[in-house]
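Have the coordinates open while you read.

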Amino acid sequence: MTNERRVLIHADKPALTASVAARFLTKTVDLLDEFEVAHVVLTGGSVGIGVLEAINASSARDTIDWSRMHFWWGDERFVPAGDPERNEGQARAALLDHIAVPAGNVHVMAAADEGLDLDAAAVAYADELRRYAPEGGDWPRFDITFLGVGPDGHVASLFPDRGEVGAKDGAVLPVRDSPKPPPERITLTRGALNSSDRVWLVLAGPDKASALGLGLAGASFHEVPVAGIKGRKRTVFFVDQEAAAEVPENLISSSY
Ligand SMILES: O=C1O[C@H](COP(=O)(O)O)[C@@H](O)[C@H](O)[C@H]1O
């Protein structure tokens, strides 16, 4: 098994989300055969939420023992609980409210009206990650990390040409003055994201083509953050044809 980045192209967004959902359900069965529990990092964004909707719509959804799954977030918008901008709320509506996952296995980043300021909320999430880490570690073994990719190449809330994308230490960072609203966010670091056994990037649409092409063709991750993302075992870009327009030919795979 090689750890090269792979790009799998799908006809359109519905085909993409259905395909990722099917792979997720299959891989989850394997993970739960191998491990007592599995840890999955969720993303916000249109395609990431579409994948969760497709998992929810799958007839295989109820074959999973969801009580052994833990869900985390790669980033969150620091807005009040219930704000439609919250990645958490979107993920709950798309999937988490429909499956038998214990409440304690859904590890949300704090909302802005919970009494913690932005810095304290980031520290609280780092503490929560550490509670599930192997001895001496800072975060659990992430089995699958989903990431969307913005038109500027951002992943989670690691935006181009900002300090957070180059940060070397720690698991969680507060983000202020985000170039994409809302301005305050919380994000996992590149180190935490790249610790995942598998990183599955999901993106669709013509506005993503340039960032994806640059990210795969060797751009600096400071300028195009997606360029700096690589899982420990597998890194797969699930894309539609429009987003794939500028992908280097040699990276396109026909199989997973
Ligand atoms: O703000 C965010 O945007 C990105 C990408 O979103 P998309 O709608 O352009 O796919 C997402 O990955 C991130 O989690 C989110 O907070």
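## The overall picture

Over residues 12-235 the chain is 33% helix and 15% strand, with the end C-alpha atoms 20 Å apart. Helices (H or I, at least four residues) and strands (E, at least two) are DSSP runs, numbered from the N terminus. The UniProt annotation "domain: Glucosamine/galactosamine-6-phosphate isomerase", from an unreviewed entry, covers residues 12-235. UniProt positions follow the numbering used here, feature names are shortened, and annotations may be inferred rather than shown by experiment.

Some ground rules: this is a predicted model, so local features need pLDDT of at least 70 and side-chain atom pairs count only at pLDDT 80 or more, while totals for chains, interfaces and linings use all residues. Residues are numbered from 1 along each chain as its sequence is written.

Two strands count as paired if DSSP finds at least two bridges between them. S2 and S3 run parallel and are joined by 5 bridges; valine 41 stands opposite tryptophan 72 in S3. S3 is mostly covered, with 4 of its 5 residues buried. Buried means that 20 or more other C-beta atoms lie within 10 Å of a residue's own, exposed means 12 or fewer, and partly exposed is in between, with C-beta atoms placed from the backbone.

Further in, S5 and S8 pair in the parallel sense over 4 bridges, and leucine 147 has leucine 201 in S8 as its bridge partner. Contact here means C-beta atoms, placed from the backbone, within 7 Å. Axes are lines fitted to C-alpha atoms, for helices over the stretch in contact, and angles run from 0 to 180 degrees between N-to-C directions.

## Helix H1

Helix H1 (residues 13-34) has 22 residues and reaches 31 Å from first C-alpha to last, close to the expected 32 Å. That expectation is 1.5 Å times one less than the number of residues. Its buried residues are Leu16, Thr17, Val20, Ala21, Phe24, Thr28 and Leu31. Seen down the axis of H1, they fall within an arc of 125°, so they line one face of the helix. The arc is that of the directions from the helix axis to the C-beta atoms.

What do the buried residues of H1 pack against? Their partners include strand S1 (5-10), strand S2 (38-42), helix H2 (46-57) and strand S9 (234-240). On the other side of H1, Asp30 and Asp33 are exposed.

A second open sheet has 3 strands in the order S4-S7-S6, with antiparallel pairing. Its edge strands are strand S4 (75-77) and S6, each pairing on one side only. The twist averages 15° from one strand to the next. S4 and S7 are joined by 3 bridges, and aspartate 75 stands opposite threonine 187 in S7.

H4 lies across S6 and S7, running at about 160° to S6. The buried residues of H4 are Ala121, Ala122, Tyr125 and Leu129. They cover an arc of only 100° around the axis, which puts them on the same side of H4. These buried residues pack against strand S6 (172-175) and strand S7 (185-188), whereas the face turned away carries the exposed Asp119, Asp127 and Arg131.

Note on methods
Contact = placed C-beta atoms within 7 Å.
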